[in-house]
Amino acid sequence: MAIDPSYPPWVQELHSPPKPKSKIASSIRDPPGFSSSFTGKRASLASKTPTRKAPTPEETDILKIKKSWEVALAPAKQLPMNAIMMYMSGNSLQIFSIMMVFMLFKNPIQGLLQTNTVFTRYESPKTKSKMWVVKAVYVLMNLVALGLGIWKVNGMGLLPTTRSDWLAWETQREPLERAVFTF
């Protein structure tokens with residue numbers, strides 16, 4: 001393969017085959033642990049390594065169930081980090097805390113909407129009966145994350161939980177009697 005001479009020398013050396021050793025270089029032994037060719041100890045080790053047998057369908061199903069449990073518990077692993085971030089962002093209305101609360105609501109809602117698509121790769125005819133428990137745990141963990149978001153929104157004062165939040169819909173009381181003071 002001819003390399004264009006306009007390329008830098010290092011590119012030319014990279015694409016050209018190595019030059020044969022000179023007489024002086026061939027008389028020097030390789031350092032310990034290095035061999036210029038794939039022979040000797042490494043070749044014998046490579047030939048002795050056993051080939052891995054293909055997993056049985058039962059083993060594959062067990063691995064699928066284990067992996068699906070990892071996916072189902074992933075939202076629970078994010079809860080401590082999210083709780084610390086919500087605590088550190090404070091209760092004031094600032095862009096940072098609003099973005100945090102938005103992400104705290106967005107991720108669990110997305111997870112809830114995509115529950116079946118998340119677990120389709122782990123379902124097989126044998127694992128289908130066990131997957132409903134895994135999906136239920138996944139939904140529960142996402143609901144706990146939503147609960148954390150509701151707690152944060154309540155702490156920020158954005159949930160209408162007090163009577164004063166509903167004053168626009170309150171009717172004015174009609175007194176049963178009036179007291180008039182005369183002097």
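**View 1. Gln94 is partly exposed, at 45% relative accessibility.** Buried means under 20% relative accessible area, exposed over 50%, and partly exposed in between, with a 1.4 Å probe and protein chains only. Gln94 sits in the loop between H4 and helix H5 (95–113). Helices here are DSSP runs of H or I with at least four residues, numbered from the N terminus. Tyr122 lies 28 residues from Gln94 along the chain, and their C-alpha atoms are separated by 41 Å. This is a predicted model, where local features need pLDDT of at least 70 and side-chain atom pairs count only at pLDDT 80 or more, while totals for chains, interfaces and linings use all residues. Residues are numbered from 1 along each chain as its sequence is written, and side-chain values use heavy atoms, leaving out hydrogens and water.

View 2. pLDDT is the predictor's confidence in each residue, from 0 to 100. The mean for the protein is 85, and 91% of its residues reach 70 or more. Where pLDDT is low, the predicted coordinates should not be read in detail.

**View 3. Helix H4 (residues 57–89) meets helix H7 (residues 128–155).** Their axes come within 9 Å and cross at roughly 5°. Axes are lines fitted to C-alpha atoms over the stretch in contact, and angles run from 0 to 180 degrees between N-to-C directions. H4 is therefore roughly parallel to H7, a label for angles under 35 degrees. The residues of this contact divide into 20 nonpolar, four polar and two charged. Ala, Val, Leu, Ile, Met, Phe, Trp, Tyr, Cys and Pro count as nonpolar, Asp, Glu, Lys and Arg as charged, and the others, Gly among them, as polar.

**View 4. Just after H7, Gly157 takes a positive phi of about 85°.**

**View 5. Phe119 and Tyr138 form an edge-to-face aromatic pair.** The rings lie 5.2 Å apart, centre to centre, with 90° between the planes. Rings of Phe, Tyr and Trp (its six-membered ring) pair if their centres lie within 6.5 Å; planes under 30 degrees apart count as stacked, over 60 as edge-to-face and the rest as tilted. Phe119 belongs to helix H6 (residues 115–119) and Tyr138 to helix H7, 19 residues apart. Both Phe119 and Tyr138 are buried.

**View 6. Trp166 and Trp169 form a tilted pair.** Their ring centres are 5.6 Å apart, with the planes at 55°. Trp166 is partly exposed at 40% relative accessibility, and Trp169 is exposed at 66%.

Definitions and conventions
Helix = DSSP H or I, 4+ residues; strand = E, 2+ residues; numbered from the N terminus. Parallel < 35°, antiparallel > 145°, perpendicular 65-115°, else oblique.
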